[in-house]
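Hello,

Here is the structure I said I would pass on. Please look through it first; my notes follow below.

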Amino acid sequence: MPKTTQSGAAKKSELPSTIARSPKKAQRTYAKAYDSAIEEYQDEERAHRVAYSALKHSFEKVGDRWEAKDHKGPSDERARSGGPNPSGSSAEGVDAEATKEHLYGVARKLDIRGRSRMTKAQLVSAIKAANRRRTANSR
């Protein structure tokens, strides 16, 4: 998993692929949270979860990369509950707490068909599926 250089920047080759394609701030956020969690918990899987949780507070997944959110905060039920044993479902990086209009804009950017007739929950599901496809195609 990612290790930071002396300047504190993560080595891009050690970041997960979606984060490596994302803005530098997203890369730094993930790397710092990962390094801090690995130091505290000595568990790579837990450090990975902590780092993604920190990332999802300020960024949302759009396609195969992470983009800055308009406002900071939890992105789904799971992030809202927090703690070592969070409850609720994960939206896989989609900002499920955003407005329907915002989700519609993300769906438009991802060229999701039928988006104008979808409910907010349907938009979240469709964006999650589109994100998974784009990430798989980028690998």
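In these notes a residue is buried under 20% relative accessible area, exposed over 50% and partly exposed in between (1.4 Å probe, protein chains only). This is a predicted model, where local features need pLDDT of at least 70, side-chain atom pairs count only at pLDDT 80 or more, and totals for chains, interfaces and linings use all residues. Residues are numbered from 1 along each chain as its sequence is written, and side-chain values use heavy atoms, with hydrogens and water left out.

Salt bridges come first. With a salt bridge taken as a side-chain nitrogen of Lys or Arg within 4 Å of a carboxyl oxygen of Asp or Glu, the count is six.

Glu-67 pairs with Lys-109 in one of them, with the closest N and O atoms 3.0 Å apart. This pair links distant parts of the chain, 42 residues apart: Glu-67 lies in strand E2 (residues 65-68) and Lys-109 in helix H5 (residues 100-109). Helices (H or I, at least four residues) and strands (E, at least two) are DSSP runs, numbered from the N terminus. Glu-67 is partly exposed at 25% relative accessible area, while Lys-109 is exposed at 51%.

Asp-64 and Arg-65 also form a salt bridge, at 3.2 Å from N to O. Asp-64 is buried, at 11%, and Arg-65 is partly exposed, at 33%.

Glu-92 is partly exposed at 36%, and so is Arg-132 at 44%.

Regards
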